[in-house]
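Subject: Structure for you to look at

Hello,

Here is the structure I promised to pass on. My notes on what was found in it follow below.

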Amino acid sequence: MTANPAKPLSGEVYYPSPDVIEQARVKDWEALAAFANQDLEGFWAREAEELEWFQKWEKVLDDSNKPFYKWFVGGKVNIAHNCIDRHLKTYRKNKLALIWESEDGKEHRTFSYFALNREVSRMANIIKAMGIQKGDRVTIYMGRVPEIVFAMLACAKIGAIHSVVFGGFSVDALQGRIEDSQSKLVITMDGSYQNGKVVELKRTVDEALKRCPSVENVLVIKRVGHEVPMEAGRDHWYHDLLALPIASGKCPTEVMDAEDPLFILYTSGSTGKPKAILHTHGGYMVGTYTTLKYVFDIKDEDRWWCTADPGWITGHSYLVYGPLLNGATSFMYEGGPTYPYPDRWWQCIERYGITIFYTAPTAIRGLMRFGEAWPAKHDLSSLRLLGSVGEPINPEAWRWFYRVIGKERCPIMDTWWQTETGMFMITPMPVVPLKPGSGTRPFFGQRAEILDEHGNPVKDGEEGYLVLLRPWPSMMRTIYNDPDRYLQQYWSKYPGKYLTGDSARRDEDGYFWIIGRTDDVIKVSGHRLGTAEIESALVSHPAVAEAASIGLPHEIKGQGIHAFVLLRAGYQPSPELGEQLRQHVASHLGPIARPEEIHFMDKLPKTRSGKIMRRVLRARALGLPEGDVSTLEE
Ligand code: PRX
């Protein structure tokens, strides 16, 4: 798309202003897209060359064993080297890498690239002293404090594989993920702050570890000062170890193969337990570096704020790795948007002079509710670009964000991507004309299609399954320890094409519009939850014989969880029991998984083979036609 296409685009369109075009790194989107389309490997090689390699790759893309693609084959690299070490040789040594503010706004911490290197090296030395080696898994279960960034980078630096578990998850979710990854070490905190309350992270770890024999050590960072039990020999206070000589500020960066694992991140899939998505040092590095550079046009003088938690892929790619790879200054805020007042975020934008602000539709909808007076109290004129991710943004929220926060000056980058893709896949760029609610077009080198059930492309305007046609460097390599599931889940419905799990349509201008998930994934406030996880939490309650869960539209959260349960003999439906079950799910999985409502049922709609038909439950709840019910049991 050029900034001002010859033929006007259909629908509601926002063209970039001359100012935006003037500032943009990529002015001719069309030309770069054409180059990448024609020479995919050439495009990515050129990007990779902007980073430092211990040894250059022999082959950019190895597709001899599809869909187990390999990138930068033979290359030796370490993402941590490119996030930190590389910058120390330049003026960036003294540049701020990270600015942090506490939830109550009373504490501020800043780290230059030089200081970041010291902190990461100290943590790396400590975990090495605990016996962690290249290839070992380390579970990180923390709040939003600088130490979570140090922990992730420390693992990368020594070649350990991190597995970050969102600090809002609870014991079952944590335990399952530690067990599956066979982590030897857990890095956690005594507790974290959330809306003025303390989340007891260490106690949850203790509970989870009762069933996780692989864990040898627990490293505990003091944040809230709560008394927590420390098991002798297993649990160690980080500040105690920092005082020892082993915690030196110098630590060599491990030489990794481009295809060596960097991290696993669990995400909910259609059925069964969460999947461990595996990303690697080389390709993931090049993908996140390039996309952030082009899409958010990140420059040295910017102050970037991605509001995501490091516990999700957005936090991995665009709070931790992408910004550091670009040598950017990032801001990280410990708390949520509305505590203690709904102008907390606007205050931070003003206080730190944020220039690029990347957040989620659910947060925008939540903040809209408080009205325009809150943002109006603050000077937001430092902003030049905005971003959205996690779920489709409804046009009303888009317009509000554009007008009230961006003052009609700042283009909104609505980036569509997934844990599996590692980087933006369908996304605008500053010079691309925008349509509220559309992620516009595939990123350089990518092609997307919308298919019907039989694999035929649908007509423009029609809904179908969104697939991606070409490999990209930061694509997931496999599901950790489960390559068959990787094949089956992503590559079997349409052989040779990557199945995203989303439904979408494309309009006559070639713009993509994401509609939602086609599988049993529920997006609650942009967070991905599996029906299977919610249902197994429910049936672990003595009153519940069977359970089904679905997502229904919710004004703020996008989707809310509705659970349908069949009680065991001897239990009667009651509002109290409903409340108990909601609480039960929240305490097992985490508050984000708390169902909006529990519906007591006499029976659940099932296929003759006994599979619960969630589609039918959803249709009934929304008063829509039930569709094809020929497989419904009598
Ligand atoms: O359904 C799409 C939705 O989020 C899913 C991926 O979730 P997750 O792996 O948790 O990653 C979220 C952050 C990248 C997608 O399959 N999604 C993500 N971004 C958008 C979106 N839906 C519409 N528009 C987006 N910008």
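**The ligand site**

A polar side-chain atom of K523 lies 2.8 Å from an oxygen atom of the ligand. Please bear in mind that this is a predicted model. The ligand taken alone exposes 540 Å², and the protein buries 96% of that. Two elements, α11 (313–325) and β25 (512–517), are those that give two or more residues to the shell around the ligand.

Backbone atoms also come up against the ligand. A backbone N or O atom of T415 is 2.7 Å from a ligand nitrogen atom, and a backbone N or O atom of G390 is 3.1 Å from a nitrogen atom of the ligand.

In total, 17 residues surround the ligand, and the closest are D414, T415, T419, R517 and R528. Sorted by class, this shell has six nonpolar, five polar and six charged residues.

**The two elements of the shell**

Helix α11 is largely enclosed by the rest of the structure, because 13 of its 13 residues are buried. After α11 comes G327, which has a positive phi, near 65 degrees.

In strand β25 I looked at W513. With a relative accessibility of 17%, W513 counts as buried, since the cut-off for buried is under 20%. The side chain of W513 makes a polar contact with the side chain of D507, at 3.1 Å. Not counting residues up to four places away in sequence, W513 touches K435, P436, G437, S438, S503, A504, R505 and D507. Of these contacts, S438 is 75 residues from W513 in sequence, yet the two C-alpha atoms are 4.9 Å apart in space.

**Two further strand residues**

T359 belongs to strand β18, which covers residues 356–359. T359 has 4% relative accessibility and therefore counts as buried. If neighbours within four places in sequence are left aside, T359 is in contact with T307, W345, I364, G387, S388, V389 and F401.

W71 sits in strand β2, residues 70–73. Its relative accessibility is 0%, so W71 counts as buried. With neighbours within four places in sequence again left aside, the contacts of W71 are L40, W44, K59, V60, L61, A258, E259, P471, W472, P473, M475 and R477. As for D482, 411 residues from W71 along the chain, its C-alpha atom is separated from that of W71 by 20 Å.

**Cysteines**

How many disulfides does the structure hold? The count is zero. C83 is in no disulfide, and the nearest cysteine sulfur, that of C155, is 13 Å away. C83 counts as buried because its relative accessibility is 0%.

A disulfide, after all, is a covalent bond between the sulfur atoms of two cysteines. C155 also counts as buried, because its relative accessibility is 0%.

If you open one view to begin with, I would take the ligand, with K523, T415 and G390 shown around the ligand.

Regards

Conventions. Residues are numbered from 1 along each chain as its sequence is written. This is a predicted model: local features need pLDDT of at least 70, side-chain atom pairs count only at pLDDT 80 or more; totals for chains, interfaces and linings use all residues. Side-chain values use heavy atoms; hydrogens and water are left out. A residue is near a molecule or strand if one of its heavy atoms lies within 4 Å of it. A polar contact is a pair of N or O atoms within 3.5 Å; within protein, one must be able to donate a hydrogen and the other to accept it, and residues adjacent in sequence count only if both atoms are side-chain atoms. Accessible areas come from the Shrake-Rupley method with a 1.4 Å probe; for residues, only the protein chains shown count as cover. Helices (H or I, at least four residues) and strands (E, at least two) are DSSP runs, numbered from the N terminus. Ala, Val, Leu, Ile, Met, Phe, Trp, Tyr, Cys and Pro count as nonpolar, Asp, Glu, Lys and Arg as charged, and the others, Gly among them, as polar. A disulfide is a pair of cysteine sulfur atoms within 2.5 Å. Buried means under 20% relative accessible area, exposed over 50%, partly exposed in between (1.4 Å probe, protein chains only). Contact means heavy atoms within 4.5 Å.
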